[in-house]
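Welcome, and please bring the model up in your viewer. We will go from stop to stop, selecting residues as we go.

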Amino acid sequence: MTESVDITNTYSERFKDLLMNWGLNETWSMYVVDFSATIIIFIISVIIYYLTKYLINRILKRLIQRSASKWDDHLYEKKVFTRLALLIPALLLHLTLETVLSAHPIAIRYIQLAINLYITFIFILVIKSFLDAVGKIYQEFEVSDAKPIKGYLQFVKIIVFVVGGIIMISILGGRSPISMLVGLGTMSAVLMFIFKDAILGFVAGIQLSANRAIQIGDWISAPKFNAEGTVFDIALVTVKVRNFDNSVSLLPTYSLITDSFINWRSFAEAGGRRMKRSFLVDVRTIEAVGEGFSEVLRAKGFDVDAWYPKDQGLTNLGVFRRYLVYYLSKQSVINHDATLMIRLLQPTENGLPVEVYAFYTSPEWIPFENFQADFFEHIYDTLPGFGLKAFQRVSNILPDLDPLVPSPVEVPSSMSSGNLPKQ
């Protein structure tokens, strides 16, 4: 070590003599010699950094791709290794600075200050990249949808940035970071106001995760925010929802605790979407049926042997209800383990409501709506075959479209436009 220092001093003296021979005075010659050595060390450290980066991108990348685990792939993708390599130039300058610039304590102080700021900043970037990699690794597990940690990681990042900022300010001010943290206690009210949304989002995220109120992939409805769609991102401050029209709504995370919303996850857990819709039957078309009613239906193409009830004293509506239950029970897309029934609701002035209650196996919205539409079209198509009629209010101004609706009062011929009484 002593020999290398002697060799360095020898070359420095020769370079200094050369500059003085060129016309520089001794003071400027010494400045040029010392700072040129620092620049050379900096250039060497940069070259070492790029060599290290090359090794990371070539050799380490191949080793990572060959490994069976995925965590190292995410560490590489989030640039954890390359950002660690950024510390090499700063560390080399830090180790050699006092030796090269021993005659310039003021320059050492300011350069060392810049190096400390740089190292702190790089450490902040490394921790951020590491947390991003942790989030990606966690998403590889199935529990990540039910228990997302993105909000927690963002909260940790905020703490890292705040602490890192305090350390950098303390380096600039020449004070201890602990003393600055103690001084920030008096500014707690200001900090609470600045980070109000982050704190509320963090608390809300804990409650949502603990209660399993919402998770990635849930279909939710939030009328207050005009949002209805699938949750695809849960962050610290916002929850992103892709609506049915492919627009994106951003909901404050804490609003899902303070305001009401509907989570349709139970569709998948209960075995599909619930079909609960009614149609109106004109009560004047409901009548008792005799023994020959089954033959009438058979003549119209209905397979009455498979479903026709043996009960006595039924009406055509009772037979039709049993036919609809049979029809739905033969559909493969209907959940046969869940409730399936056709029931009558309270009669109204607009007819007798008949409600269909069943469960569609798939939670997908479009296939469900298509099946429901096809089924109700089938209902209206088969109603006349059972002697029933759907209720529809007809205006008295229009011609009579319903034989069961009384015809409008005819105007006497004496009251026609050509025979109006004279005034």
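What follows is a short tour of surface patches, salt bridges, aromatic pairs and a few loop residues. This is a predicted model, so to speak: local features need pLDDT of at least 70, side-chain atom pairs count only at pLDDT 80 or more, and totals for chains, interfaces and linings use all residues. Residues are numbered from 1 along each chain as its sequence is written, and side-chain values use heavy atoms, with hydrogens and water left out.

**Stop one: helix α2**

Select residues 26-66, which make up helix α2. Helices here are DSSP runs of H or I with at least four residues, strands are runs of E with at least two, and both are numbered from the N terminus. Now pick R58, K61, R62 and R66, which gather in a patch of positive charge on the surface. Patch residues have over 30% relative accessible area and no salt bridge; like charges are joined within 9 Å, and nonpolar side chains (Val, Leu, Ile, Met, Phe, Trp, Tyr) within 5 Å. Lys and Arg count as positive and Asp and Glu as negative, while His and the chain ends are not counted. Each charge is placed at NZ of Lys, CZ of Arg, CG of Asp or CD of Glu. R62 is exposed, at a relative accessible area of 52%; the classes are buried under 20%, exposed over 50% and partly exposed in between (1.4 Å probe, protein chains only).

Next, select I39, F42, I43, I47 and L51, a nonpolar surface patch with about 480 Å² of accessible area together. Such areas come from the Shrake-Rupley method with a 1.4 Å probe, and for residues only the protein chains shown count as cover. F42 also lies in helix α2 and is partly exposed at 42%.

**Stop two: salt bridges**

How many salt bridges does the structure hold? There are six, each a side-chain nitrogen of Lys or Arg within 4 Å of a carboxyl oxygen of Asp or Glu. Show D132 and K157, whose side chains meet at 2.3 Å, N to O. D132 lies in helix α6 and K157 in helix α8 (residues 150-173), so this pair ties together parts that are 25 residues apart in sequence. K157 is buried at 17%.

Move on to R284 and D282, bridged at 3.1 Å, N to O. Here R284 is partly exposed at 46%, whereas D282 is buried at 2%.

**Stop three: aromatic pairs**

The count of aromatic pairs comes to 20. Rings of Phe, Tyr and Trp (its six-membered ring) pair if their centres lie within 6.5 Å; planes under 30 degrees apart are stacked, over 60 edge-to-face and the rest tilted. Select Y323 and Y327, a tilted pair with 6.2 Å centre to centre and 40° between the planes. Both sit in helix α15 (residues 316-329), four residues apart, about one turn of the helix. Y323 is buried at 8%; Y327 is partly exposed at 24%.

Is F368 buried or exposed? F368 is buried, with 5% relative accessibility.

**Stop four: two loops**

Finish with K79, in the loop between α3 (71-77) and α4 (80-85). K79 has a positive phi of about 65° although it is not a glycine. N226, in the loop between β1 (219-222) and β2 (227-234), has a positive phi near 55° and is exposed at 69%.
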